[in-house]
Amino acid sequence: QVQLVESGGGLVHYGGSLRLSCAASGRTFRRGAMGWFRQAPGKEREFVTTIGWSGMAWSSNITYYADSVKGRFIISRDNAKNTVYLQMNSLKPEDTAVYYCAAAPFATKIQNEYDYWGQGTQVTVSS
């Protein structure tokens, strides 16, 4: 069984920063990519970023970012700790959402390619 647990969410003012963590627990199957999604109340879950193997070249490490977070968010991965991080800078009220980490066989923006999901952590940005 694969379990992903997010942490690090909270309340920040406009322009502030947060770092989210997602730790894999248990004796999990290894996945080629980890990603972050977010969901605001009343809206569908949307892709934020991912890091991992390319679908075209499985051994290549690549990153994808949603246009809305490019230049502000940074994804990183520490395989020794089985943890993926999301550094969020210059936060805006529109970044307010529940943030979920997920695992997939390869780096992709498509939600249904992710087969394991965390429980989510709330990020709130006040103006």
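This is a predicted model: local features need pLDDT of at least 70, side-chain atom pairs count only at pLDDT 80 or more; totals for chains, interfaces and linings use all residues.
A pair of aromatic rings is described by the distance of the centres and the angle of the planes. The count comes to 4 aromatic pairs. In one of them, the ring centres of Phe37 and Tyr114 are 4.9 Å apart and the planes stand at 85 degrees, so this pair is edge-to-face. Phe37 belongs to strand β4 (residues 33-39), while Tyr114 lies in the loop between β9 (97-104) and β10 (116-117), 77 residues apart. Phe37 has 0% relative accessibility and counts as buried; Tyr114, at 5%, counts as buried too.

Phe37 also pairs with Trp117, with 5.0 Å from centre to centre and 50 degrees between the planes, a tilted geometry. Because Phe37 lies in strand β4 and Trp117 in strand β10, the pair ties together parts that are 80 residues apart in sequence. Trp117 counts as partly exposed, at 28% relative accessibility. Ring pairs join Phe37, Phe47, Tyr114 and Trp117 into a cluster.

Turning to the strands, an open sheet is formed by 4 of them in the order β1-β3-β8-β7, with antiparallel pairing. Its edge strands, β1 (3-7) and β7 (73-78), each pair on one side only. Neighbouring strands of this sheet are turned by 15 degrees against each other on average, direction ignored. Between β1 and strand β3 (residues 18-25), the antiparallel pairing runs over 5 bridges, and Leu4 stands opposite Ala24 in β3.

Methods. Residues are numbered from 1 along each chain as its sequence is written. Side-chain values use heavy atoms; hydrogens and water are left out. Two strands pair if DSSP finds at least two bridges between them. Helices (H or I, at least four residues) and strands (E, at least two) are DSSP runs, numbered from the N terminus. Axes are lines fitted to C-alpha atoms, for helices over the stretch in contact, and angles run from 0 to 180 degrees between N-to-C directions. Rings of Phe, Tyr and Trp (its six-membered ring) pair if their centres lie within 6.5 Å; planes under 30 degrees apart count as stacked, over 60 as edge-to-face and the rest as tilted. Buried means under 20% relative accessible area, exposed over 50%, partly exposed in between (1.4 Å probe, protein chains only).
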